[in-house]
Amino acid sequence: MYKFPKDSKLNDPKFVFGVATASYQIEGATNVDDRCPSIWDTFCTKPGAVYKQHNGDVACLHYHLYQQDVNLIENLGMDAYRLSIAWPRIIRPDGSINQKGLDFYDRVISALEEKNLTIMATLYHWDLPQYLDDKGGWLNRETAYKFAQYVEVVSSYFGDRIDFYATLNEPWCSAFHGYRDGKHAPGIADDKSGFQAGHNLLLAHGLAIPILRKNAANSKHGIVLNFNPVYPADEFAIDVANFAEQEHTHWFIKPILEGEYPETVYQHYIDVMPTIEDGDMGIISAKIDFLGVNNYSRSVIDQDGQYPNYKQVHLSDVERTQIGWEVYPDGLLKLLTDLHQFYQLPPIYITENGAAFEDKVVDGVVEDEQRCRYFQNYLSSVDEAIRQGVDIRGYFAWSFMDNFEWSEGYKMRFGIVYVDYKTQKRIPKRSALEFREYLIARRSGF
Ligand code: FCB
């Protein structure tokens, strides 16, 4: 069982433990109840875009198996569940509301309420309706206003039943993988597009916040950002590492918390900077109640010619997960304490942290000892960050169960619950049982 010092804040039942998922990665049922296609349905058909051309058509069939999944989340002793709501299930191409989509999330939310689970819902976890991509997707400023309309529909319908609303999941990935390096849907690789998509995403976030406040006054509203703490490869790489950190970490958080983009990056990329209209930065920096932090690994940065050109270095002899990401728990501590030092932060929730390994079912059990170690060590970093003054209120493991890992398809298993995709059987891995043991002990005061 996971173990922390006796006086750890994690041991206080008020510290929220949960598991996280996202709609396209688990739901399947992509043609059911009039769901519209999303950019990921399209991207998955592009040769070479996704491992073995896997797609989310079936995934974990959560659309039909949600009740047993909610039972299992409760059974693991969790306090909370972070899900995402699929925009293509809610708003039709003509802008009208698809009641069947709202009904599905109503069923899920009711099931969670029945188990007294705290609910965090992400409003956009990458499944943009294809009909909006046909009009330019996130390159089109209008998409931000379409998002605001969708948020109005969802939040006026569910109101305070959702405890935490997160506007976007990882705009860095949506913008930079989706439009700058082309690794994710819609697969555009162009610097200017990357920055423009990023700005429109942040605008969408900012437009949504007052709507959420109006419709769910008692809920908390925020955003989920992904960060890789940046380390210089050696003493000569300190300046470029700082630049890389400005470009990747601060480019997304600074406008939200301080209403401006980092100047050094702005100047360096002046030719590809987004169109920013008067008033945008004020909208983007609307006050948020919490910041969701996603972290898995770190980046080691070295010079690549003249400043500020840099490259990412892949160190040998370090522990890596199946997806190739370095296991570096100290990085999470550095990330949290650095952010705390740079910004006036709202309360923080770790909204994703976890690891993919090649899990094997042997005699009906999955002994994922490496993942157990990963959680123990990363959670110890969270404990230490709290001791150093960072206001962290909760932690969500990624993921509740194995699922469709975007361009890696079903090859990468990030779940604490194993999914047998042939039978849709769920098998809690050792890492899940350790959570269960810890959380049950915590509830009874150890
Ligand atoms: C994050 C995504 C999440 C999952 C993990 C492994 O970037 O938010 O959906 O794929 O990575």
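**View 1. Helix 8 and what covers it.** Here's helix 8 (residues 171-180), where 10 of its 10 residues are buried; buried means under 20% relative accessible area, exposed over 50% and partly exposed in between, with a 1.4 Å probe and protein chains only. The cover over these buried residues includes strand 3 (118-124), helix 6 (130-133), strand 4 (164-169), helix 9, strand 5 (220-226) and helix 10 (238-258). Among the buried residues of helix 8 are Trp172, Cys173, Phe176, His177 and Arg180. After helix 8 comes Gly182, with a positive phi near 75°. Helices (H or I, at least four residues) and strands (E, at least two) are DSSP runs, numbered from the N terminus. Keep in mind that this is a predicted model: local features need pLDDT of at least 70, side-chain atom pairs count only at pLDDT 80 or more, and totals for chains, interfaces and linings use all residues. Residues are numbered from 1 along each chain as its sequence is written, and side-chain values use heavy atoms, with hydrogens and water left out.

**View 2. Phe147 and the largest nonpolar core.** The largest nonpolar core has 149 residues, and those with the most contacts inside it are Trp40, Phe147 and Phe435. Such a core is a set of buried Ala, Val, Leu, Ile, Met, Phe, Trp, Tyr and Cys residues joined through side-chain atoms within 4.5 Å. Helix 9 (residues 191-215) gives the most to this core, with 11 residues. Another core, of six residues, lies apart from it, and Ala237, Val240, Ala241 and Ala244 are among its members. What does Phe147 contact, leaving aside its neighbours within four places in sequence? The list is Trp87, Leu123, Tyr124, Trp138, Thr167, Leu168, Ala204 and Ala208, with contact meaning heavy atoms within 4.5 Å.

**View 3. Pro232 in strand 6.** Pro232 lies in strand 6 (residues 230-232) and, at 36% relative accessibility, counts as partly exposed. Val300 is 68 residues from Pro232 in sequence, yet their C-alpha atoms are 5.7 Å apart in space. Besides Val300, Pro232 is in contact with Ala237, Ile238, Ala241 and Ile301, again leaving aside neighbours within four places in sequence.

**View 4. Two cis peptide bonds.** Most residues other than glycine have a negative phi, and most peptide bonds are trans. A cis bond joins Tyr307 and Pro308, with omega about 5°. Pro308 sits in the loop between strand 8 (299-303) and strand 9 (310-312). The bond from Trp398 to Ser399 is cis too, with omega near 5°, and Ser399 is in the loop between strand 11 (392-398) and strand 12 (417-420).

View 5. Asp34 isn't a glycine, but its phi is positive, near 60°. Look for Asp34 in the loop between helix 1 (23-26) and helix 2 (39-43); with a relative accessible area of 39%, Asp34 is partly exposed. Lys52 isn't a glycine either, and its phi is positive at about 50°.

**View 6. Stepping back to the whole protein.** The secondary structure comes to 15 helices and 13 strands. The radius of gyration is 21 Å, close to the 22 Å that the globule rule gives for 446 residues, so the protein is as compact as a globular protein of that length. That radius is taken over C-alpha atoms, and the rule is 2.2 Å times the number of residues to the power 0.38. Of the 446 residues, 61% count as buried.
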